[in-house]
Amino acid sequence: MSLERPLCAVRAVLVIATLALAGCQTAAWTRVETPDAIAVNKSKRTFVPPAGWIRWNGAPSGVIVTRDGTPIQFIRAAEMTHDQAFRAIRKTSNADLLPNELAELLIAARKAMPGMSGLAVTSNEPATFGGLDGVRLGLTYRDERGASFDHLMYAAAETDGVFMIEYHALSKHYFARDLPEFEKVVASVRSERKAKK
Amino acid sequence: MRLRRAIRAAGIACLVAAVGAQAATPPFERPVRPVELEEPEQRVWSEAEDVDLTLSRSGQLLRDEEVEAWIAGLMLRLFPDFGAALRVRIVRDPEMNAFCLPNGSIYMNLGMLARVRNTSQLATILAHEGVHFTHRHGFQQRSSLVTTAGFTQGAGIAGGLVGALLGSLVGMSSIRGFSRTHEREADRVGFGRLLAGGFDPRESVAVFQMLTAESKAMGLTDTVFFASHPQLDERIKTFRELSAVAGPPTPPESDAALRAFQPRLQREWMALEASMGQGGRLVHQLTRPDAVDFYPPEAPYYLGEGYRLRGDAADRNAMIAAYESAVQRAPTFAPAHAALGVVHFKAKDCARAVPYLRSYLDLAPDGSLRSHVGRMLEKCR
(Lines give C-alpha, C1' and ligand atoms only; values in the text may rest on other atoms or scores of the structure.)
Protein backbone atom coordinates (compact mmCIF):
# COMPACT_ATOMS: atom_id res chain seq x y z
CA MET A 1 0.00 0.00 0.00
CA SER A 2 1.18 3.51 -0.79
CA LEU A 3 2.32 5.64 2.10
CA GLU A 4 0.82 8.76 0.57
CA ARG A 5 -2.80 8.17 1.60
CA PRO A 6 -2.10 7.58 5.30
CA LEU A 7 0.17 10.62 5.37
CA CYS A 8 -2.60 12.74 3.85
CA ALA A 9 -4.97 11.53 6.53
CA VAL A 10 -2.48 12.35 9.28
CA ARG A 11 -1.98 15.84 7.82
CA ALA A 12 -5.73 16.37 7.73
CA VAL A 13 -6.12 15.32 11.38
CA LEU A 14 -3.30 17.64 12.40
CA VAL A 15 -4.87 20.58 10.58
CA ILE A 16 -8.27 19.92 12.15
CA ALA A 17 -6.71 19.51 15.61
CA THR A 18 -4.77 22.76 15.21
CA LEU A 19 -7.89 24.62 14.13
CA ALA A 20 -9.86 23.11 16.98
CA LEU A 21 -7.19 24.07 19.49
CA ALA A 22 -7.04 27.59 18.13
CA GLY A 23 -10.79 27.85 18.49
CA CYS A 24 -10.75 26.37 21.99
CA GLN A 25 -8.10 28.76 23.24
CA THR A 26 -10.45 31.68 23.12
CA ALA A 27 -13.53 29.88 24.43
CA ALA A 28 -12.23 27.37 26.99
CA TRP A 29 -12.64 29.67 30.00
CA THR A 30 -15.14 32.45 30.54
CA ARG A 31 -15.10 34.87 33.46
CA VAL A 32 -18.44 35.12 35.25
CA GLU A 33 -18.96 38.87 34.99
CA THR A 34 -22.54 39.10 36.17
CA PRO A 35 -24.11 36.53 38.44
CA ASP A 36 -26.73 35.18 36.06
CA ALA A 37 -28.27 31.77 36.51
CA ILE A 38 -26.66 28.97 34.51
CA ALA A 39 -28.62 25.93 33.37
CA VAL A 40 -27.09 22.56 34.23
CA ASN A 41 -26.73 20.59 31.04
CA LYS A 42 -30.06 20.61 29.23
CA SER A 43 -32.11 20.38 32.39
CA LYS A 44 -34.26 23.07 33.86
CA ARG A 45 -32.16 23.22 37.00
CA THR A 46 -30.11 26.36 37.35
CA PHE A 47 -27.65 27.87 39.77
CA VAL A 48 -25.94 31.22 40.10
CA PRO A 49 -22.12 31.00 40.07
CA PRO A 50 -20.03 33.40 42.16
CA ALA A 51 -19.17 36.63 40.34
CA GLY A 52 -15.52 36.81 39.31
CA TRP A 53 -15.11 33.03 39.12
CA ILE A 54 -14.19 31.40 35.83
CA ARG A 55 -16.34 28.92 33.97
CA TRP A 56 -14.64 26.00 32.23
CA ASN A 57 -16.51 25.60 28.98
CA GLY A 58 -14.76 22.37 28.11
CA ALA A 59 -15.89 20.54 31.26
CA PRO A 60 -16.45 16.87 30.40
CA SER A 61 -19.77 16.82 32.22
CA GLY A 62 -21.93 19.35 33.98
CA VAL A 63 -20.91 22.92 34.69
CA ILE A 64 -17.63 23.73 36.42
CA VAL A 65 -16.53 27.08 37.83
CA THR A 66 -13.32 27.88 39.67
CA ARG A 67 -11.69 30.89 41.25
CA ASP A 68 -7.98 29.95 41.25
CA GLY A 69 -7.91 26.92 38.94
CA THR A 70 -9.50 23.48 39.14
CA PRO A 71 -6.49 21.85 40.88
CA ILE A 72 -7.08 24.29 43.75
CA GLN A 73 -10.85 24.54 43.97
CA PHE A 74 -13.97 24.16 41.87
CA ILE A 75 -17.72 24.03 42.09
CA ARG A 76 -19.44 21.58 39.80
CA ALA A 77 -23.10 21.03 39.10
CA ALA A 78 -24.12 17.96 37.18
CA GLU A 79 -27.04 15.72 36.45
CA MET A 80 -26.52 12.05 35.64
CA THR A 81 -28.96 9.35 34.67
CA HIS A 82 -29.42 6.52 37.15
CA ASP A 83 -27.47 4.21 34.86
CA GLN A 84 -24.52 6.58 34.59
CA ALA A 85 -24.24 8.05 38.07
CA PHE A 86 -22.51 5.09 39.73
CA ARG A 87 -21.26 3.15 36.77
CA ALA A 88 -17.72 3.19 38.19
CA ILE A 89 -18.82 0.94 41.05
CA ARG A 90 -21.19 -1.09 38.89
CA LYS A 91 -24.26 0.23 40.65
CA THR A 92 -27.40 1.94 39.50
CA SER A 93 -29.34 4.46 41.52
CA ASN A 94 -33.09 5.05 41.55
CA ALA A 95 -35.59 7.66 42.60
CA ASP A 96 -36.55 5.71 45.72
CA LEU A 97 -33.13 6.00 47.32
CA LEU A 98 -33.22 7.53 50.77
CA PRO A 99 -30.66 10.29 51.38
CA ASN A 100 -28.54 7.96 53.53
CA GLU A 101 -28.54 5.35 50.75
CA LEU A 102 -27.49 7.97 48.22
CA ALA A 103 -24.70 9.06 50.57
CA GLU A 104 -23.56 5.44 50.81
CA LEU A 105 -23.26 5.21 47.01
CA LEU A 106 -21.42 8.53 46.81
CA ILE A 107 -18.91 7.36 49.43
CA ALA A 108 -18.38 4.00 47.72
CA ALA A 109 -17.81 5.77 44.39
CA ARG A 110 -15.22 8.07 45.93
CA LYS A 111 -13.47 5.13 47.58
CA ALA A 112 -13.14 3.45 44.22
CA MET A 113 -11.33 6.40 42.66
CA PRO A 114 -7.63 5.73 42.04
CA GLY A 115 -4.91 7.74 43.71
CA MET A 116 -7.01 8.62 46.73
CA SER A 117 -6.20 7.73 50.33
CA GLY A 118 -7.31 8.44 53.87
CA LEU A 119 -10.91 9.04 52.87
CA ALA A 120 -12.97 10.19 55.86
CA VAL A 121 -16.58 11.31 56.16
CA THR A 122 -16.82 14.68 57.91
CA SER A 123 -20.58 15.16 57.61
CA ASN A 124 -23.51 13.14 56.38
CA GLU A 125 -26.98 14.56 56.84
CA PRO A 126 -30.25 14.96 54.99
CA ALA A 127 -30.61 18.29 53.24
CA THR A 128 -33.17 20.15 51.19
CA PHE A 129 -31.82 22.31 48.37
CA GLY A 130 -33.45 23.79 45.30
CA GLY A 131 -36.70 22.12 46.33
CA LEU A 132 -35.07 18.69 46.33
CA ASP A 133 -34.81 16.26 49.22
CA GLY A 134 -31.27 14.97 49.27
CA VAL A 135 -28.09 14.66 51.25
CA ARG A 136 -25.25 16.95 52.32
CA LEU A 137 -22.10 14.90 52.41
CA GLY A 138 -18.64 16.10 53.45
CA LEU A 139 -15.46 14.12 52.77
CA THR A 140 -11.75 14.64 53.21
CA TYR A 141 -8.99 12.70 51.51
CA ARG A 142 -5.41 12.94 50.32
CA ASP A 143 -4.35 12.74 46.69
CA GLU A 144 -1.43 10.68 45.36
CA ARG A 145 1.01 13.50 46.25
CA GLY A 146 -0.27 13.70 49.80
CA ALA A 147 -2.19 16.98 49.41
CA SER A 148 -5.32 17.12 51.56
CA PHE A 149 -8.66 18.03 50.00
CA ASP A 150 -12.16 18.70 51.31
CA HIS A 151 -15.15 17.73 49.23
CA LEU A 152 -18.67 18.86 50.04
CA MET A 153 -21.60 17.54 48.03
CA TYR A 154 -25.31 18.18 47.88
CA ALA A 155 -27.03 15.42 45.96
CA ALA A 156 -30.56 14.23 45.35
CA ALA A 157 -32.01 11.17 43.60
CA GLU A 158 -34.86 12.18 41.32
CA THR A 159 -37.05 10.34 38.85
CA ASP A 160 -34.77 11.13 35.93
CA GLY A 161 -31.40 10.80 37.61
CA VAL A 162 -29.08 12.12 40.29
CA PHE A 163 -28.59 15.87 40.58
CA MET A 164 -25.48 17.00 42.39
CA ILE A 165 -23.73 20.22 43.20
CA GLU A 166 -20.31 19.86 44.77
CA TYR A 167 -17.42 21.93 46.05
CA HIS A 168 -13.91 20.56 46.02
CA ALA A 169 -10.91 22.45 47.36
CA LEU A 170 -7.50 22.12 48.97
CA SER A 171 -8.13 21.76 52.70
CA LYS A 172 -5.47 24.25 53.63
CA HIS A 173 -6.71 27.85 53.32
CA TYR A 174 -8.91 27.45 50.25
CA PHE A 175 -11.76 25.22 51.42
CA ALA A 176 -12.77 27.39 54.36
CA ARG A 177 -12.22 30.61 52.42
CA ASP A 178 -14.62 29.80 49.60
CA LEU A 179 -17.14 27.70 51.55
CA PRO A 180 -19.52 30.67 52.10
CA GLU A 181 -19.52 31.25 48.33
CA PHE A 182 -20.46 27.61 47.76
CA GLU A 183 -23.29 27.71 50.28
CA LYS A 184 -24.63 30.78 48.44
CA VAL A 185 -24.44 28.83 45.18
CA VAL A 186 -26.37 25.94 46.74
CA ALA A 187 -29.01 28.38 47.99
CA SER A 188 -29.35 29.69 44.43
CA VAL A 189 -30.25 26.30 42.92
CA ARG A 190 -33.67 26.41 41.29
CA SER A 191 -35.63 23.63 39.68
CA GLU A 192 -38.59 24.02 37.43
CA ARG A 193 -39.31 20.34 37.70
CA LYS A 194 -41.63 19.10 40.34
CA ALA A 195 -39.59 17.76 43.21
CA LYS A 196 -39.92 14.12 44.19
CA LYS A 197 -42.45 13.53 46.94
CA MET B 1 6.46 -7.90 6.08
CA ARG B 2 9.61 -6.32 7.44
CA LEU B 3 7.66 -4.96 10.39
CA ARG B 4 6.10 -8.34 11.13
CA ARG B 5 9.52 -9.99 11.04
CA ALA B 6 10.90 -7.36 13.40
CA ILE B 7 8.02 -7.86 15.84
CA ARG B 8 8.52 -11.64 15.73
CA ALA B 9 12.25 -11.23 16.32
CA ALA B 10 11.64 -8.88 19.25
CA GLY B 11 9.13 -11.34 20.73
CA ILE B 12 11.58 -14.20 20.48
CA ALA B 13 14.31 -12.04 22.01
CA CYS B 14 12.06 -11.20 24.97
CA LEU B 15 11.19 -14.86 25.44
CA VAL B 16 14.82 -15.90 25.32
CA ALA B 17 15.75 -13.12 27.74
CA ALA B 18 13.01 -14.17 30.16
CA VAL B 19 13.97 -17.85 30.01
CA GLY B 20 17.63 -16.92 30.32
CA ALA B 21 16.92 -14.79 33.37
CA GLN B 22 15.09 -17.72 34.99
CA ALA B 23 17.86 -20.18 34.23
CA ALA B 24 20.64 -17.91 35.44
CA THR B 25 18.99 -16.83 38.68
CA PRO B 26 19.65 -19.29 41.49
CA PRO B 27 17.66 -18.91 44.72
CA PHE B 28 19.01 -16.90 47.64
CA GLU B 29 20.46 -19.13 50.34
CA ARG B 30 20.70 -16.43 53.00
CA PRO B 31 19.59 -12.84 53.53
CA VAL B 32 21.30 -10.48 51.08
CA ARG B 33 21.97 -6.76 51.10
CA PRO B 34 21.20 -4.72 47.97
CA VAL B 35 24.91 -3.95 47.47
CA GLU B 36 25.58 -7.66 46.98
CA LEU B 37 23.24 -7.77 43.97
CA GLU B 38 24.00 -7.13 40.32
CA GLU B 39 22.97 -3.70 39.13
CA PRO B 40 19.76 -4.79 37.30
CA GLU B 41 18.47 -6.54 40.40
CA GLN B 42 19.45 -3.58 42.56
CA ARG B 43 17.27 -1.42 40.33
CA VAL B 44 14.32 -3.80 40.74
CA TRP B 45 14.77 -3.75 44.52
CA SER B 46 14.86 0.02 44.40
CA GLU B 47 11.55 -0.02 42.50
CA ALA B 48 10.15 -2.35 45.15
CA GLU B 49 11.21 0.10 47.85
CA ASP B 50 9.31 2.81 46.00
CA VAL B 51 6.24 0.57 46.11
CA ASP B 52 6.79 0.09 49.86
CA LEU B 53 6.92 3.86 50.26
CA THR B 54 3.81 4.41 48.12
CA LEU B 55 1.86 1.88 50.14
CA SER B 56 3.04 3.21 53.48
CA ARG B 57 1.83 6.69 52.47
CA SER B 58 -1.39 5.46 50.90
CA GLY B 59 -3.29 5.01 54.14
CA GLN B 60 -4.03 1.46 52.95
CA LEU B 61 -1.86 -0.31 55.53
CA LEU B 62 -3.40 -1.63 58.71
CA ARG B 63 -1.08 -1.03 61.65
CA ASP B 64 -1.59 -3.69 64.30
CA GLU B 65 1.53 -4.47 66.28
CA GLU B 66 0.11 -7.60 67.89
CA VAL B 67 -0.86 -9.18 64.59
CA GLU B 68 2.32 -8.08 62.84
CA ALA B 69 4.50 -9.52 65.61
CA TRP B 70 2.63 -12.81 65.52
CA ILE B 71 2.97 -13.08 61.75
CA ALA B 72 6.68 -12.23 62.03
CA GLY B 73 6.97 -15.24 64.36
CA LEU B 74 5.30 -17.47 61.77
CA MET B 75 7.74 -16.21 59.12
CA LEU B 76 10.68 -17.11 61.35
CA ARG B 77 9.32 -20.64 61.68
CA LEU B 78 8.90 -20.90 57.92
CA PHE B 79 12.10 -19.12 56.90
CA PRO B 80 14.52 -19.40 59.86
CA ASP B 81 17.45 -19.04 57.46
CA PHE B 82 16.25 -15.61 56.33
CA GLY B 83 15.74 -13.89 59.68
CA ALA B 84 13.95 -10.59 59.24
CA ALA B 85 14.60 -10.38 55.49
CA LEU B 86 10.95 -11.19 54.85
CA ARG B 87 8.63 -8.59 56.32
CA VAL B 88 4.85 -8.91 56.26
CA ARG B 89 2.52 -5.93 56.27
CA ILE B 90 -1.28 -5.93 56.33
CA VAL B 91 -3.20 -4.15 53.60
CA ARG B 92 -6.68 -2.78 54.25
CA ASP B 93 -8.15 -4.55 51.22
CA PRO B 94 -11.13 -6.93 51.26
CA GLU B 95 -9.87 -9.23 48.49
CA MET B 96 -8.51 -12.64 49.45
CA ASN B 97 -5.03 -11.88 48.25
CA ALA B 98 -1.38 -11.64 49.22
CA PHE B 99 1.69 -10.69 47.22
CA CYS B 100 5.45 -10.46 47.53
CA LEU B 101 7.75 -7.78 46.15
CA PRO B 102 11.24 -8.62 44.85
CA ASN B 103 12.87 -7.12 47.97
CA GLY B 104 11.08 -9.48 50.37
CA SER B 105 8.18 -7.21 51.36
CA ILE B 106 5.07 -9.35 51.65
CA TYR B 107 1.63 -7.76 51.71
CA MET B 108 -1.21 -9.76 53.21
CA ASN B 109 -4.72 -8.47 52.63
CA LEU B 110 -7.10 -7.97 55.51
CA GLY B 111 -9.58 -10.08 53.52
CA MET B 112 -7.21 -13.04 53.71
CA LEU B 113 -6.38 -12.68 57.41
CA ALA B 114 -10.03 -12.36 58.34
CA ARG B 115 -11.07 -15.51 56.50
CA VAL B 116 -8.37 -18.15 56.98
CA ARG B 117 -9.70 -20.82 59.32
CA ASN B 118 -6.49 -21.61 61.16
CA THR B 119 -2.77 -20.86 61.50
CA SER B 120 -1.65 -23.55 59.09
CA GLN B 121 -3.82 -22.10 56.32
CA LEU B 122 -2.21 -18.72 56.83
CA ALA B 123 1.23 -20.34 56.95
CA THR B 124 0.50 -21.98 53.56
CA ILE B 125 0.01 -18.56 51.98
CA LEU B 126 3.01 -17.04 53.76
CA ALA B 127 5.29 -19.90 52.74
CA HIS B 128 4.15 -19.59 49.13
CA GLU B 129 4.75 -15.84 49.04
CA GLY B 130 8.09 -16.12 50.83
CA VAL B 131 9.36 -18.52 48.16
CA HIS B 132 8.62 -15.89 45.51
CA PHE B 133 11.30 -13.84 47.29
CA THR B 134 13.85 -16.55 48.07
CA HIS B 135 13.64 -17.82 44.49
CA ARG B 136 13.83 -14.30 43.06
CA HIS B 137 10.64 -14.62 41.04
CA GLY B 138 9.90 -10.90 41.30
CA PHE B 139 13.22 -9.98 39.76
CA GLN B 140 12.82 -12.52 36.97
CA GLN B 141 9.29 -11.41 36.22
CA ARG B 142 10.20 -7.72 36.27
CA SER B 143 13.03 -8.39 33.83
CA SER B 144 10.57 -9.71 31.27
CA LEU B 145 8.00 -6.94 31.49
CA VAL B 146 7.55 -4.16 29.00
CA THR B 147 4.37 -2.35 29.96
CA THR B 148 1.84 -2.08 32.73
CA ALA B 149 -1.06 -2.05 30.29
CA GLY B 150 -1.78 -5.75 30.67
CA PHE B 151 -1.75 -5.48 34.41
CA THR B 152 -4.30 -2.74 34.64
CA GLN B 153 -6.72 -4.61 32.42
CA GLY B 154 -9.34 -6.57 34.27
CA ALA B 155 -8.55 -4.82 37.52
CA GLY B 156 -12.14 -3.57 37.45
CA ILE B 157 -12.59 -0.89 40.06
CA ALA B 158 -9.20 0.76 40.26
CA GLY B 159 -9.41 2.20 43.74
CA GLY B 160 -7.74 0.92 46.89
CA LEU B 161 -4.58 -1.08 46.58
CA VAL B 162 -4.66 -1.46 42.82
CA GLY B 163 -5.32 2.23 42.42
CA ALA B 164 -2.39 3.09 44.68
CA LEU B 165 -0.03 0.97 42.60
CA LEU B 166 -1.15 1.85 39.09
CA GLY B 167 1.94 2.94 37.25
CA SER B 168 4.33 0.73 39.21
CA LEU B 169 5.50 -2.25 37.16
CA VAL B 170 6.91 -4.04 40.18
CA GLY B 171 3.80 -3.40 42.28
CA MET B 172 1.29 -4.41 39.65
CA SER B 173 3.23 -7.43 38.43
CA SER B 174 3.55 -8.70 42.01
CA ILE B 175 -0.16 -8.29 42.67
CA ARG B 176 -1.18 -9.95 39.43
CA GLY B 177 0.78 -13.08 40.19
CA PHE B 178 3.74 -14.87 38.64
CA SER B 179 4.20 -17.27 35.76
CA ARG B 180 2.80 -20.76 36.02
CA THR B 181 6.32 -22.15 36.46
CA HIS B 182 7.04 -19.77 39.32
CA GLU B 183 3.72 -20.48 40.99
CA ARG B 184 4.34 -24.22 40.82
CA GLU B 185 7.79 -23.72 42.30
CA ALA B 186 6.37 -21.53 45.08
CA ASP B 187 3.75 -24.20 45.85
CA ARG B 188 6.28 -27.05 45.92
CA VAL B 189 9.07 -25.31 47.84
CA GLY B 190 6.55 -23.55 50.09
CA PHE B 191 5.06 -26.92 51.02
CA GLY B 192 8.49 -28.08 52.16
CA ARG B 193 8.82 -24.95 54.31
CA LEU B 194 5.37 -25.60 55.75
CA LEU B 195 6.35 -29.10 56.80
CA ALA B 196 9.71 -28.05 58.19
CA GLY B 197 7.99 -25.30 60.22
CA GLY B 198 5.73 -27.87 61.91
CA PHE B 199 2.43 -26.71 60.41
CA ASP B 200 -0.43 -28.98 59.41
CA PRO B 201 0.10 -29.71 55.69
CA ARG B 202 -3.49 -30.89 55.22
CA GLU B 203 -4.65 -27.31 55.66
CA SER B 204 -2.88 -26.33 52.45
CA VAL B 205 -5.58 -28.27 50.63
CA ALA B 206 -8.32 -26.61 52.65
CA VAL B 207 -7.15 -23.09 51.99
CA PHE B 208 -7.05 -23.62 48.24
CA GLN B 209 -10.46 -25.28 48.34
CA MET B 210 -11.78 -22.19 50.09
CA LEU B 211 -10.19 -19.90 47.52
CA THR B 212 -11.62 -22.00 44.70
CA ALA B 213 -15.11 -21.97 46.20
CA GLU B 214 -15.05 -18.18 46.49
CA SER B 215 -13.67 -17.79 43.00
CA LYS B 216 -16.43 -19.98 41.56
CA ALA B 217 -19.20 -18.43 43.64
CA MET B 218 -18.21 -14.96 42.54
CA GLY B 219 -17.93 -16.06 38.93
CA LEU B 220 -14.34 -14.88 38.75
CA THR B 221 -12.31 -16.14 35.84
CA ASP B 222 -9.30 -13.90 36.36
CA THR B 223 -9.06 -13.10 40.03
CA VAL B 224 -6.09 -11.09 41.19
CA PHE B 225 -4.66 -13.84 43.33
CA PHE B 226 -4.95 -16.51 40.70
CA ALA B 227 -3.87 -14.63 37.62
CA SER B 228 -1.46 -16.88 35.72
CA HIS B 229 -1.50 -19.36 38.59
CA PRO B 230 -1.72 -23.03 37.68
CA GLN B 231 -5.29 -24.23 37.49
CA LEU B 232 -6.74 -24.30 40.98
CA ASP B 233 -7.98 -27.86 40.70
CA GLU B 234 -4.49 -28.95 39.67
CA ARG B 235 -3.01 -27.18 42.68
CA ILE B 236 -5.49 -28.77 45.06
CA LYS B 237 -4.63 -32.18 43.63
CA THR B 238 -0.91 -31.51 44.08
CA PHE B 239 -1.33 -30.35 47.67
CA ARG B 240 -3.54 -33.34 48.47
CA GLU B 241 -0.90 -35.75 47.17
CA LEU B 242 1.89 -33.97 49.04
CA SER B 243 0.01 -33.81 52.35
CA ALA B 244 -1.10 -37.47 52.11
CA VAL B 245 2.55 -38.47 52.12
CA ALA B 246 3.45 -36.00 54.87
CA GLY B 247 0.70 -36.75 57.43
CA PRO B 248 -0.41 -34.48 60.27
CA PRO B 249 2.06 -32.58 62.50
CA THR B 250 2.97 -33.61 66.04
CA PRO B 251 1.94 -31.87 68.25
CA PRO B 252 -1.08 -30.22 66.57
CA GLU B 253 -0.80 -26.54 65.77
CA SER B 254 -2.49 -24.17 68.26
CA ASP B 255 -4.80 -21.53 66.85
CA ALA B 256 -5.29 -19.66 70.13
CA ALA B 257 -3.33 -16.57 69.06
CA LEU B 258 -5.20 -16.29 65.77
CA ARG B 259 -8.54 -16.76 67.51
CA ALA B 260 -7.68 -13.96 69.94
CA PHE B 261 -7.34 -11.21 67.37
CA GLN B 262 -9.19 -12.53 64.34
CA PRO B 263 -12.63 -11.19 65.44
CA ARG B 264 -11.41 -7.58 65.27
CA LEU B 265 -9.94 -8.20 61.83
CA GLN B 266 -13.20 -9.81 60.74
CA ARG B 267 -15.19 -6.79 61.94
CA GLU B 268 -12.89 -4.49 60.01
CA TRP B 269 -13.07 -6.68 56.90
CA MET B 270 -16.88 -6.90 56.94
CA ALA B 271 -17.23 -3.14 57.40
CA LEU B 272 -14.72 -2.49 54.62
CA GLU B 273 -16.47 -4.88 52.28
CA ALA B 274 -19.84 -3.23 52.93
CA SER B 275 -18.42 0.28 52.57
CA MET B 276 -17.24 -0.55 49.07
CA GLY B 277 -20.80 -1.24 48.02
CA GLN B 278 -20.27 -4.82 46.86
CA GLY B 279 -22.39 -7.45 48.61
CA GLY B 280 -21.74 -10.71 46.77
CA ARG B 281 -18.65 -11.75 48.69
CA LEU B 282 -20.25 -10.97 52.05
CA VAL B 283 -23.18 -13.20 51.17
CA HIS B 284 -20.89 -16.00 49.99
CA GLN B 285 -18.68 -15.93 53.07
CA LEU B 286 -21.35 -15.33 55.69
CA THR B 287 -23.62 -18.14 54.48
CA ARG B 288 -20.89 -20.78 54.70
CA PRO B 289 -21.86 -23.62 57.06
CA ASP B 290 -19.36 -22.62 59.73
CA ALA B 291 -20.01 -18.86 59.51
CA VAL B 292 -22.17 -18.61 62.65
CA ASP B 293 -19.37 -19.89 64.88
CA PHE B 294 -16.49 -18.44 62.90
CA TYR B 295 -17.54 -14.79 62.66
CA PRO B 296 -18.45 -12.31 65.45
CA PRO B 297 -22.08 -12.02 66.64
CA GLU B 298 -22.79 -8.93 64.51
CA ALA B 299 -21.89 -10.83 61.31
CA PRO B 300 -25.58 -11.38 60.39
CA TYR B 301 -25.92 -7.60 60.07
CA TYR B 302 -23.22 -7.66 57.39
CA LEU B 303 -24.94 -10.62 55.76
CA GLY B 304 -28.06 -8.45 55.58
CA GLU B 305 -25.94 -5.68 54.12
CA GLY B 306 -24.57 -8.14 51.58
CA TYR B 307 -28.10 -9.01 50.47
CA ARG B 308 -29.08 -5.35 50.32
CA LEU B 309 -25.99 -4.32 48.37
CA ARG B 310 -26.43 -7.20 45.95
CA GLY B 311 -29.63 -5.44 44.95
CA ASP B 312 -31.76 -8.49 44.16
CA ALA B 313 -35.40 -8.02 45.20
CA ALA B 314 -35.65 -11.77 45.83
CA ASP B 315 -33.19 -11.36 48.72
CA ARG B 316 -35.48 -9.08 50.72
CA ASN B 317 -36.80 -11.67 53.18
CA ALA B 318 -33.33 -13.12 53.71
CA MET B 319 -32.03 -9.62 54.31
CA ILE B 320 -34.64 -8.86 56.97
CA ALA B 321 -34.06 -12.25 58.64
CA ALA B 322 -30.33 -11.54 58.77
CA TYR B 323 -30.83 -8.11 60.33
CA GLU B 324 -33.23 -9.60 62.90
CA SER B 325 -30.71 -12.30 63.69
CA ALA B 326 -28.08 -9.62 64.27
CA VAL B 327 -30.37 -7.75 66.68
CA GLN B 328 -30.86 -11.00 68.60
CA ARG B 329 -27.23 -12.06 68.63
CA ALA B 330 -25.73 -8.62 69.19
CA PRO B 331 -28.52 -6.53 70.78
CA THR B 332 -26.28 -3.52 71.46
CA PHE B 333 -24.96 -3.33 67.89
CA ALA B 334 -26.66 -0.15 66.71
CA PRO B 335 -26.32 -0.46 62.89
CA ALA B 336 -28.57 -3.55 62.88
CA HIS B 337 -31.33 -1.54 64.55
CA ALA B 338 -30.91 1.27 62.02
CA ALA B 339 -31.00 -1.22 59.16
CA LEU B 340 -34.32 -2.71 60.29
CA GLY B 341 -35.70 0.76 60.92
CA VAL B 342 -34.78 1.85 57.39
CA VAL B 343 -36.24 -1.32 55.82
CA HIS B 344 -39.61 -0.75 57.51
CA PHE B 345 -39.49 3.00 56.86
CA LYS B 346 -39.00 2.38 53.16
CA ALA B 347 -41.97 0.02 53.26
CA LYS B 348 -43.94 2.92 54.80
CA ASP B 349 -44.46 0.85 57.94
CA CYS B 350 -43.75 3.45 60.60
CA ALA B 351 -45.23 1.30 63.37
CA ARG B 352 -42.42 -1.18 62.88
CA ALA B 353 -39.76 1.31 61.90
CA VAL B 354 -39.99 3.71 64.83
CA PRO B 355 -38.93 1.33 67.66
CA TYR B 356 -35.82 0.30 65.71
CA LEU B 357 -34.97 3.88 64.74
CA ARG B 358 -35.35 4.99 68.35
CA SER B 359 -33.24 2.15 69.67
CA TYR B 360 -30.53 3.11 67.16
CA LEU B 361 -30.44 6.64 68.55
CA ASP B 362 -30.41 5.29 72.12
CA LEU B 363 -27.51 2.95 71.33
CA ALA B 364 -25.56 5.36 69.14
CA PRO B 365 -26.51 8.95 69.97
CA ASP B 366 -23.45 10.13 68.01
CA GLY B 367 -23.76 7.48 65.28
CA SER B 368 -23.04 8.36 61.68
CA LEU B 369 -26.70 7.92 60.71
CA ARG B 370 -28.19 10.00 63.52
CA SER B 371 -29.28 12.91 61.27
CA HIS B 372 -30.90 10.60 58.74
CA VAL B 373 -32.61 8.54 61.44
CA GLY B 374 -33.83 11.75 63.10
CA ARG B 375 -35.35 12.87 59.79
CA MET B 376 -37.11 9.51 59.35
CA LEU B 377 -38.55 9.75 62.85
CA GLU B 378 -39.83 13.25 62.04
CA LYS B 379 -41.52 11.96 58.91
CA CYS B 380 -43.14 9.14 60.85
CA ARG B 381 -44.54 11.54 63.42
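Biologist: What describes the way helix 17 and helix 18 of chain B pack together?

Modeller: In this predicted model, helix 17 (residues 316–329) of chain B packs against helix 18 of chain B at an angle of about 145 degrees, and their axes lie 9 Å apart. Those two values are given because packed helices are described by the angle and the distance between their axes. The crossing of helix 17 of chain B with helix 18 of chain B is left-handed.

Biologist: Which residues make that contact?

Modeller: Helix 17 of chain B brings R316(B), M319(B), I320(B), Y323(B), E324(B), A326(B) and V327(B). From helix 18 of chain B come A336(B), H337(B), A339(B), L340(B) and V343(B). Sorted by class, the residues of this contact are 9 nonpolar, 1 polar and 2 charged.

Biologist: Why is the pair E214(B) and R115(B) called a salt bridge?

Modeller: The N to O distance between their side chains is 2.6 Å. The rule asks for a side-chain nitrogen of Lys or Arg within 4 Å of a carboxyl oxygen of Asp or Glu, so the pair qualifies.

Biologist: What makes this a link between distant parts of the chain?

Modeller: E214(B) sits in helix 11 (residues 202–217) of chain B and R115(B) in helix 4 (residues 110–115) of chain B, 99 residues apart. Over all chains, the rule counts 32 salt bridges.

Biologist: How do you know that K379(B) and D133(A) form a salt bridge?

Modeller: Their closest N and O atoms are 3.8 Å apart. The cut-off is 4 Å, so this Lys and Asp pair passes too. Between chain B and chain A the count is 3 salt bridges.

Conventions
Residues are numbered from 1 along each chain as its sequence is written. Chains are lettered from A and ligands numbered from 1 in the order in which they are written. This is a predicted model: local features need pLDDT of at least 70, side-chain atom pairs count only at pLDDT 80 or more; totals for chains, interfaces and linings use all residues. Side-chain values use heavy atoms; hydrogens and water are left out. Axes are lines fitted to C-alpha atoms, for helices over the stretch in contact, and angles run from 0 to 180 degrees between N-to-C directions. Helices (H or I, at least four residues) and strands (E, at least two) are DSSP runs, numbered from the N terminus. A crossing is left-handed if the near helix is turned anticlockwise from the far one by less than a right angle, and right-handed if clockwise. Contact means heavy atoms within 4.5 Å. Ala, Val, Leu, Ile, Met, Phe, Trp, Tyr, Cys and Pro count as nonpolar, Asp, Glu, Lys and Arg as charged, and the others, Gly among them, as polar.
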